[in-house]
Amino acid sequence: MDMEGEHGMVEVDDDTYFRGRVMAYSDSDEEEYDDLNGRITDTSAADARRGKDIQGIPWERLSISRDKYRQTRLEQYKNYENIPHSGECSEKERKHTRTGGLYYEFWRNTRSVKSTILHFQLRNLVWSTSKHDVYLMSHFSIIHWSSLNCKRTEVLNVSGHVAPHEKHPGSLLEGFTQTQVSTLAVRDKLLIAGGFQGELICKYLDRPGVSFCSRTTYDDNAITNAVEIYDCPSGAIHFMASNNDCGVRDFDMEKFQLSKHFSFPWPVNHTSLSPDGKLLVIVGDNPDGLLVDSQTGKTVMPLHGHLDFSFASSWHPNGHTFATGNQDKTCRIWDARNLSKSVSVLKGNLGAIRSIRFTSDGQFMAMAEPADFVHVYDAKNGYEKEQEIDFFGEISGVSFSPDTESLFIGVWDRTYGSLLQYNRRRSYSYLDSVL
């Protein structure tokens with residue numbers, strides 16, 4: 001991940017990093033007044049069917065139409081590249097997919113939930129634990145949102161001092177102050193926040209306070225780029241942290257101890273463990289990714305094809321297919337049984353593929369660009385067709401619910417920041433049993 005010069009830590013108000021923001025309409029005083037009085041409402045599926053913009057953008061009051069503004073964004077949004085022209089050069093390999101799929105339909109846009117981003121390259125800040133429950137970053141707060149009762153609850157505030165309530169060997173009992181959360185992971189009852197200085201804060205959602213605090217490294221280049229929580233074959237819960245100091249660390253949450261530490265030749269931006277627990281996909285500040293043995297950290301096979309640095313990876317539940325997302329604007333689909341080249345190259349519209357998720361049943365894959373577009377592919381049928389979810393604003397994260405019923409998208413924008421919820425279409429459920 002880029003820590004050089006002006007592209008280091010990002011203040012979220014800095015337009016240098018979040019290019020091409022959604023405009024507010026000219027009557028800014030009224031906008032503020034509406035916010036204060038709660039008159040700016042959320043958008044429901046029924047509102048959208050009646051023609052209301054899903055984000056509540058009042059196009060009729062603006063001097064530009066939605067279509068025209070979309071065209072402007074496509075022309076002017078500048079993709080961040082570490083390797084010049086990587087986006088253009090990847091064009092020739094792209095797979096042309098059919099659009100028009102409708103797998104998830106708009107359900108609600110919640111503007112009272114403001115999802116925020118701290119680093120422009122790290123977009124894993126939204127996690128769903130059920131079709132009604134989602135966790136996300138909102139400035140210094142980790143928020144729980146229940147779409148069932150439309151209730152917003154603060155789970156953890158890291159603006160002040162955070163210290164563990166439990167005593168475990170290796171836990172930093174003094175804790176941390178003003179943690180800047182770069183990445184997040186939530187699974188079942190475990191929440192882990194990773195920070196800019198290598199901090200790891202572990203909290204069980206059904207216990208008071210924080211259970212464990214650790215600093216992965218005191219290296220200057222310590223930022224925690226990604227965290228993945230998983231179950232070991234033994235039943236123990238582990239998590240894996242990917243850091244800018246080129247390290248991947250595995251923690252055993254039964255013992256609250258570091259169990260493995262692998263080092264790689266370049267900063268690691270994202271790591272994904274195969275469903276059987278045997279293989280790791282490692283991607284980072286190098287165009288080539290690595291498939292490695294999860295027990296030894298030794299490389300099984302390099303992954304050649306991407307043209308820039310990668311920030312996303314994910315395994316399909318079938319255990320042999322996985323995907324990687326890159327700043328060359330592509331997501332590559334790989335088959336672990338034949339890694340001579342990727343199976344498919346899927347291309348975004350605006351920029352880098354910053355996060356990738358598969359549904360737990362393997363039917364769909366979502367890939368998120370930095371802004372405006374989330375693509376949902378029919379993975380079960382060879383990625384031939386996609387649904388393009390189209391809105392305006394930077395994307396803080398995407399998450400399918402574990403039962404596949406909901407898809408949550410965090411949107412960060414000064415005016416139109418929100419949480420989007422889409423629900424799986426079940427009108428063709430009889431087809432699912434046939435396919």
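Me: What sits over the ring of Y204, and how far from its centre?
Reply: That would be the charged end of R207, which is 4.1 Å from the centre of the Y204 ring. Keep in mind that this is a predicted model.

Me: Good to know. Which cluster is Y204 part of?
Reply: Y204 belongs to a cluster linked by ring pairs, together with F212, F239, F251 and F256.

Me: And what lies over the face of W127?
Reply: R357 does, at 4.6 Å from the ring centre of W127. W127 also turns up in the largest pocket, as one of the lining residues that lie nearest its centre.

Me: Which strands supply the lining?
Reply: Those that each supply at least two residues are β3 (126–130), β9 (181–187), β13 (224–231), β17 (268–273), β21 (310–315), β25 (355–358) and β28 (386–400).

Me: Which one gives the most?
Reply: β13 does, with six residues in the lining.

Me: How do the lining residues divide into nonpolar, polar and charged?
Reply: There are 17 nonpolar residues, 16 polar ones and six charged ones.

Me: Back to rings for a minute. How many aromatic pairs are there in the whole structure?
Reply: The search finds 14. One of them is Y80 with F120, an edge-to-face pair with 4.9 Å centre to centre and 90° between the planes.

Me: What does that pair tie together?
Reply: Y80 is in the loop between α3 (66–76) and α4 (86–89), while F120 is in the loop between β2 (104–110) and β3, so the pair links parts that are 40 residues apart in sequence. Y80 and F120 are both buried.

Me: Are F106 and Y422 buried or exposed?
Reply: F106 is buried, since its relative accessible area is 13% and the cut-off for buried is under 20%. Y422 is buried too, at 6%.

Me: Switching to helices. Which residues of α3 are buried?
Reply: Y69, R70 and R73 are buried in α3. They span an arc of only 105° around the axis, so they sit on the same side of the helix.

Me: Why would residues a few places apart point the same way?
Reply: An α-helix has 3.6 residues a turn, so residues three or four places apart point the same way.

Me: What's on the face of α3 turned away from the buried side?
Reply: That face carries the exposed residues D67, K68 and E75.

Me: Now some backbone. What is phi for K329, and where does it lie?
Reply: K329 has a positive phi of about 75°, although it is not a glycine. K329 is in the loop between β22 (321–326) and β23 (330–335).

Me: And what about Y383?
Reply: Y383 is a residue other than glycine with a positive phi, near 60°. Its place is in the loop between β27 (371–378) and β28. Y383 counts as buried, because its relative accessibility is 6%.

Me: Last topic: P233. Where is it, and is it buried or exposed?
Reply: P233 lies in the loop between β13 and β14 (237–243). P233 is exposed, with a relative accessible area of 80%.

Me: How far is P233 from G277?
Reply: Their C-alpha atoms are separated by 7.6 Å, and the two residues are 44 apart along the chain.

Me: And I356, where is that and how far is it from E369?
Reply: I356 is in strand β25, and it counts as buried at 1% relative accessibility. The C-alpha atoms of I356 and E369 are separated by 9.4 Å, with the residues 13 apart along the chain.

Key:
Residues are numbered from 1 along each chain as its sequence is written. This is a predicted model: local features need pLDDT of at least 70, side-chain atom pairs count only at pLDDT 80 or more; totals for chains, interfaces and linings use all residues. Side-chain values use heavy atoms; hydrogens and water are left out. On a 1 Å grid over the protein atoms alone, a cavity is a set of points where a 1.4 Å probe fits but cannot get out, and a pocket is an open set with protein on both sides within 12 Å along at least five of seven lines; lining residues have an atom within 4 Å of a point. Helices (H or I, at least four residues) and strands (E, at least two) are DSSP runs, numbered from the N terminus. Ala, Val, Leu, Ile, Met, Phe, Trp, Tyr, Cys and Pro count as nonpolar, Asp, Glu, Lys and Arg as charged, and the others, Gly among them, as polar. Rings of Phe, Tyr and Trp (its six-membered ring) pair if their centres lie within 6.5 Å; planes under 30 degrees apart count as stacked, over 60 as edge-to-face and the rest as tilted. Buried means under 20% relative accessible area, exposed over 50%, partly exposed in between (1.4 Å probe, protein chains only). A charge sits over a ring if NZ of Lys or CZ of Arg is within 6 Å of the ring centre and within 35 degrees of the ring normal. The arc is that of the directions from the helix axis to the C-beta atoms.
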